[in-house]
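Please find below a colleague's note on the structure shown here. It is arranged as numbered points, each of which can be checked against the coordinates.

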Amino acid sequence: MYEYFNGKLAYKAPTHVIIDVSGIGYYVHISLYTFSQIKDQENCKLFISLQVREDSHTLYGFATEGEKKLFENLISVSGIGPNTGRMILSSNTPDEIQSAIVNGQVALIQKIKGIGPKTAQRLILELQDKLKKQGVETLSTTIQSQSVPDEALSALVMLGFNKAAAEKVLNTILKTEANLSVEDMIKLALKRL
């Protein structure tokens, strides 16, 4: 429902902020990592995840889109709710967490408060392949900074194509035709995949 809020930080704490967007103050839960990214800012952009429960609608905010995606992956695992997901993201950087899941480091994940051995194993089991498929760069990419080939690659991966195969086809296309639009590059790649 909400992608991001861009506004003035009316209040900042390590666990939450109140962000003023056009005169409306939103109470947004944040991770310690996000707090470290925004603590010196007066205005900021937070990527938002709205969690709806029977008794509440809760907003969770993240400094980067990659952190938000990781949070949503984490809470998709049975037994991990939004507060535990936020605790996981507060314990280490998103890169370290994703790396630990991809590399199957149960001990590192188990050190996080609220995560026992079974939950750590389930987390790795359910997310390892998903995060490997997405790749580490999903944490650092933003919509604005993507080049034409990167945008085409993202689109092909979203369509379900293997990342390595799509990348190979796009590199072949780039060698022959350098100045293509994203749409044309995707169309050519679809013919070759």
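1. Basis. This is a predicted model, in which local features need pLDDT of at least 70 and side-chain atom pairs count only at pLDDT 80 or more, while totals for chains, interfaces and linings use all residues. Residues are numbered from 1 along each chain as its sequence is written, and side-chain values use heavy atoms, with hydrogens and water left out.

2. Nonpolar core. The largest nonpolar core has 22 residues, and those with the most contacts inside it are Leu74, Ile101, Ile109 and Leu123. Two or more residues each come from β5 (57–62), α2 (65–75), α3 (82–91), α4 (94–102) and α6 (117–134); α6 gives the most, with 5 residues. A nonpolar core is here a set of buried Ala, Val, Leu, Ile, Met, Phe, Trp, Tyr and Cys residues joined through side-chain atoms within 4.5 Å. Buried means under 20% relative accessible area, exposed over 50%, and partly exposed in between (1.4 Å probe, protein chains only). Helices (H or I, at least four residues) and strands (E, at least two) are DSSP runs, numbered from the N terminus.

3. Salt bridge. A search of the whole structure finds 1 salt bridge, defined as a side-chain nitrogen of Lys or Arg within 4 Å of a carboxyl oxygen of Asp or Glu. Lys68 pairs with Glu3, the closest N and O atoms being 3.6 Å apart. Because Lys68 lies in helix α2 and Glu3 in the segment before β1 (4–12), the pair ties together parts that are 65 residues apart in sequence. Lys68 is buried, at 7% relative accessible area, whereas Glu3 is partly exposed at 40%.

4. Negative patch. On the surface, Asp150, Glu151, Glu167, Glu177, Glu183 and Asp184 gather in a patch of negative charge. Patches are made of residues with over 30% relative accessible area and no salt bridge, like charges being joined within 9 Å; the place of a charge is taken as CG of Asp or CD of Glu. Both α7 (148–158) and α9 (182–192) supply at least two residues of the patch. Glu177 sits in the loop between α8 (163–176) and α9 and is partly exposed, with a relative accessible area of 35%.

5. Two serines. Ser22 has a positive phi of about 55° although it is not a glycine. Ser22 lies in the loop between β2 (16–21) and β3 (24–30) and is exposed, at 76% relative accessibility. Ser36 belongs to helix α1 (residues 32–38) and is partly exposed at 35%.

Notes. Patch = residues over 30% accessible without salt bridge, like charges linked within 9 Å, V, L, I, M, F, W, Y side chains within 5 Å. Areas by Shrake-Rupley, 256 points an atom, 1.4 Å probe, with all protein chains shown as cover. Lys, Arg positive; Asp, Glu negative; His and termini not counted.
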